[in-house]
Every structure is written in C-alpha cells, then in structure tokens.
Amino acid sequence: MNTLPFIHIRIALRNILRHRRRSLLTIAAVAFGIFCLIVFQALKTGLHDKMLESSLGLDMGGIQIHAPGYEMNMPLLRPLPEPETISDVLDRLGLHSSSAPRVKTTALILAGKRSSSVILSGIAPDREAGVTFIHRTIRAGNYVPAPGTLLMGKALATSLDLRPGDPVDILAQDSFGQPARTRLTVGGLFESGLRRFDLAHVYLSIDDARTFLDTEPNDVTEIAIGTRPEAVDATVAKLHDALAGLDLQIRTYRELAPDLVQLMELNNATFNLLIIIVFTIVAMGIANTMTTVIFERFRELGTLAALGTNPGQIVFLIVAESALLGMMAALLGSMAAVLACSWLAVHGIDLSHFTSSNQYFAAGSLLRARLAAGDILTANAVTLLTALAAGIFPAIRAARMKPVDALRSV
Amino acid sequence: MMGVLDVPTYGTVRIDGHPTDGLSRTAAALLRRDLIGFVFQSFNLIQVLTAWENVEYGLILKGMPTGRRTSVIRDILGAVGLGDKMRTRVTRLSGGEQQRVAIARAVAGSPKVVLADEPTANLDTKTGLAIIELFRTMNRERGTTFIFSSHDPRMTGLAHRTVTLIDGRRAPGST
C-alpha cells in the first residue's frame, strides 16, 4: 500500500502542532467564520419560520381556494362551485381538519355614532382553528361566535367603545347585491399582536354570515388550507388533479403574499452577501497563514523536492495542511454554533421593541434559532472548500519553486 | 547540476546514462528519487519526523513494500549507530546524530549516486570511521558512486578520484 498520503498528512498535522499559537489563531478565525455562518443561518431560518407562521397563521393559510375573479371585488360574493365536491376532495386528501371554509366580504360596522369598515368573515370555528392562531389570542368573551354574536379585534372594540355584550349593527351587500343590515352582539375580543389586523377584522359563525348575506345554505366564498410551506406545492398539485373539472382559483401563499416571499428572498441575498464577505476574510486568513508556512519552510520543501517528491505531492502536502486547519476550525466552530443555537432555540431573542407593528411578527416577537442538519453540513462544506481554495495557490507556488533556490534559502 | 536540482546553461549532464536536460519537474523529481541520494551539510532533515520516518520517507517515495522497508530502515539506522534512537524526533538528536540520519536517508534506497557535502564533519572518530566503512561497502558491493566534498583526509584517502578546489576553482595539477 502506498502510504505517501498518510506520511504527508502526518507531516502536515505535526507542522500545525509545531506552531501552536499561530495555528490556534488561524483556527479561531476560521471557526468564528463557520460559527457566524451556522448561527446566522439558524436565526434566519427561525426568522422566516416566524414570518411564515405569522403571515400564514393570521388569516391566509398556505393555500386558498376561490372562485375566479374573487380578488377583483370582494363585496360581490362569488361562491365556490360545487362546495360539496370540494369538501369531499379535502376529506379524501386528509385536509379536512386543516382547511377552513369561509364566507368573506367587506362590511361597515356601526356602534352608535362611531363606525368602521371591516372584513367580515363567516367561519366554522372548529375548522378555523386548524388554519389560524386567532383562537389563541382571545382576550375577553368567547372564540366560538354563538348565534347572533361576533368576535372582533380588541383594538376595534376600543376604537368603537365596545365591550362584550354590547350591540353593533353591520351593513354589507348581500348575495343579490342588495344592502343588508343586521344587529349582532359583541361575543368576544381577540388581540392578534398586529393592531392593524385587529382594527379591520370581525368574525361571526358561517351560518349567521350565510343568513345575513342571503346566500345558499352551503355557500362558501373562500377555503383557506393550513398547509406547511414546504408541503404547499405538493398539496396544490393534488388539489389541481382532484378538482380539475371545476373552475377554481387555487393559489399558494407565494401568490397571495408576494411581499412576504420577496422579503425572505431579500433576507437570503443579504445573508449570502454577508457570508461571502466573512468567508473571503476567512480565506485570506488561511492563505496568509499558508503563505507564511511556505516561506518558513521553503528549505524543507526544497529538501522534499530533492528527495524526489514531485510537484503534485508537494501541492498535496500544503493543501493537506490547509485542509486540516479548516477541519479543526470547522469542528470547533460547529460545536460552538450548535451550543449557541441550542440556547437560542430555547431562550430566543426578544424583538418586540422592533416588531410590535410588523405583520410578519403577529404570532410573537421571540426569534428562536432553528438549526437544520443540512445547514451544518453546508457550512462545513463551505469552510473546507474555502480552506482548500485558500491553500491551493500557495501550494502551487511552492510546487513551482526550483529546488536549488529552495535549498539555498536560509 | 549533478543532483538534477539545477540545469546547466550549456552542455549535458547524464546520470547513469540518463540525460537530465529538458526534463519536466516531475521527471526530474523521479530521476532524483530513483538514482540520487543527498547528504546536505546542514542535514536538511524533516524536522517534524523521527529518525525512522525521515529514512522511511524516501523509501515510501520509491514505493518500497512495508516489510522490506522496515528491514532496510532497521539495518541502515543500526549501521550508522542509531539503533537506540530510531523513534526519536530528529530535533531532539545531536548534530552528529542528525548527520547520521541524513546519511542513512541518503543511502537507504541504494541510489546509483550519493552526493555528500562534508559527510563526516560533525562525527566523532569512531562514528566517522563506521560511516567511511559503510560507504566503502556500498561502493564495493552495490556499485554506488559517492561524490563528496570533504576536508577529512580519511575520506579523501578513500576516493578513487580526487579533485582539489581552491577558492572555488580546480587546483593546478588536480586530476
């Protein structure tokens, strides 16, 4: 067995240990780079999780089904065709408990001399809880709107000077396009964390909404499906297959909230730029160390060449040393990053000071790190590739030396 | 130039019949590996390796099998009087001991030519004589050519041909 690579690795390792302080400094710098990469990535993942949880869980869900043209004019009710067929399909695909049928329109809410325009959602409370987190934000009264009652944002109630039990009048356009008016009682107040949302949304039971808007008994204008972002595309494909015969508009959160997607892409781009900067500095650090190593050991490399070590083997020797530095740093940085991410996953970072009015943090302002195994592997691969790339140029330079010049050097 | 470490401005250097001009870096390295052993005046050992590993390095380069390598290293380090320091890091050896490791490394692979710069300069009388005897034996039994510079009359007395240099030039009357 040719053991040359092993003896070169042994030489590389012992050279690293021979200059402990310098090696430690280089390893610390590279380890800091991979630590930043892993922790920032975990925080970014946690941030995107929070943004998606808030945006999807507030009202939207991961997927929405509408009749075509729904978004053109919400007060003009456009019920979904064949709601029973759609319901059966949702049951068959296992989406019953994570889908929420709604009758949704715009309305004017009147309380004495005060009024406000709102989005009125007739909901099936048990199904709605599988899509949104509003049921977890009840501050007074009940979540499940009893017949003749409605659930409204606490901020809206305050602005209209309303409390649970107070009567309100609702004005809207019914399914025939005629004005409709009804009197309901405030049954509960919610506080989602996003004041803007709370000021503009009220809920009542879907049956009350159908009665009030004079629709057919099974009419539904919107179905929101609480699918996890990573499963959205597969679910949409299944829905398209199963509902192929119906004229429906099935859209994902990416189409419903392009601003959210663009913001996450902007985050990714900024993060990637940051990582490129960090790893350029890391690469320069390693290259500097390896260049110093080569200058110091020029004579030794000349001796190796004199003994018959060919240029490729000298490149391997130098790159092995660079890679070993990278591996040690990757191990150290990864361990530190895993510890930091574990702490951040439990304790998080409180962003409430910056996010109280931000729709992307309605579900909470505690940013927790989420570390994925793939991210650790990627970070380690990037570090090792950086170490290899940083070592290769000094190594080629060493391999190109004339042995006689190297042996003459002091 | 004889060590194929440099190329002549004009003319040709042949080692064991092999021309050395126009060789690539890799081909020159192979030629040095297979035909030439070096003993440098300042030893030029690999500092992070032991005496055993320094000798072994050249043999690994040659692709010598492990079993034969072990036997060769043990014999050659024993012959230069380092049988008890085979596993010692060379930085912990004295100058004379390092010189002997360098000699062992140069001759272990049975090269055709050994180029040695003052090979006995750092050695005591007894060890110097042992090294001289080793060189004589290798020359006689394996046909190894030793080309060395030396101020040691014991060494110069051995030579089949002596070239005397004064201030870097061949002395008048030197053959």
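1. Helix α4 of chain B is followed by S110(B), a residue with a positive phi, near 50°. Helices here are DSSP runs of H or I with at least four residues, strands are runs of E with at least two, and both are numbered from the N terminus. The model is a predicted one, in which local features need pLDDT of at least 70, side-chain atom pairs count only at pLDDT 80 or more, and totals for chains, interfaces and linings use all residues. Residues are numbered from 1 along each chain as its sequence is written, while chains are lettered from A and ligands numbered from 1 in the order in which they are written.

2. The helix α4(B) itself covers residues 95–108, and its 14 residues should span 20 Å at 1.5 Å a residue, which agrees with the 20 Å between its end C-alpha atoms. The expected span is 1.5 Å times one less than the number of residues. Of the 14 residues, 12 are buried, so α4(B) is largely enclosed by the rest of the structure. A residue is called buried if 20 or more other C-beta atoms lie within 10 Å of its own, exposed if 12 or fewer do, and partly exposed in between, with C-beta atoms placed from the backbone. Among the buried residues are E97(B), R100(B) and R105(B), as well as V101(B), I103(B) and V107(B). Their cover includes the strands β3 (36–39) and β4 (113–117) and the helices α2 (51–62), α3 (66–79) and α5 (125–142) of chain B.

3. Two further residues of chain B deserve a check of their backbone angles. D16(B), which is not glycine, has a positive phi near 50° and sits in the loop between β1 (14–15) and β2 (18–19). With 12 other C-beta atoms within 10 Å, D16(B) is exposed. E118(B), also a residue other than glycine, has a positive phi near 50°; its place is the loop between β4 and α5 of chain B. E118(B) has 18 C-beta neighbours inside 10 Å and counts as partly exposed.

4. Chain B as a whole contains 6 helices and 7 strands, in the sequence order β-β-α-β-α-α-α-β-α-β-α-β-β. Its radius of gyration is 16 Å, close to the 16 Å given by the globule rule for 175 residues, so chain B is as compact as a globular protein of that length. The radius is taken over C-alpha atoms, and the rule is 2.2 Å times the number of residues to the power 0.38. The C-alpha trace of chain B spans about 45 × 40 × 30 Å along its principal axes, and 35% of the 175 residues count as buried. Of the contacts in chain B between residues at least 6 apart in sequence, 65% join residues at least 24 apart; a contact requires C-beta atoms, placed from the backbone, within 7 Å.

5. Chain A has 15 helices and 12 strands. Its radius of gyration of 31 Å is well over the 22 Å that the globule rule gives for 410 residues, so chain A is more spread out than a compact globule. The C-alpha trace of chain A spans about 100 × 45 × 30 Å along its principal axes. Buried residues make up 43% of the chain, and 82% of the contacts between residues at least 6 apart in sequence join residues at least 24 apart.

6. The domain assignment of chain A gives domain 1 (4–56 + 260–408) and domain 2 (97–226), with bounds that come from an automatic or database assignment. The centres of the two domains, taken over C-alpha atoms, are separated by 53 Å. I134(A) lies in the loop between α4 (125–128) and β4 (138–141) of chain A and counts as buried, with 26 C-beta neighbours inside 10 Å. Beyond neighbours within four places in sequence, I134(A) contacts F190(A) and S192(A).

7. The contact between the chains takes 21 residues from chain A and 21 residues from chain B. On the side of chain A, α1 (4–18), α11 (298–307) and α15 (403–408) each supply at least two residues. By class, this side has 10 nonpolar, 7 polar and 4 charged residues. Nonpolar means Ala, Val, Leu, Ile, Met, Phe, Trp, Tyr, Cys and Pro, charged means Asp, Glu, Lys and Arg, and the others, Gly among them, are polar.

Terms used
Two residues are in contact if their C-beta atoms, placed from the backbone, lie within 7 Å.
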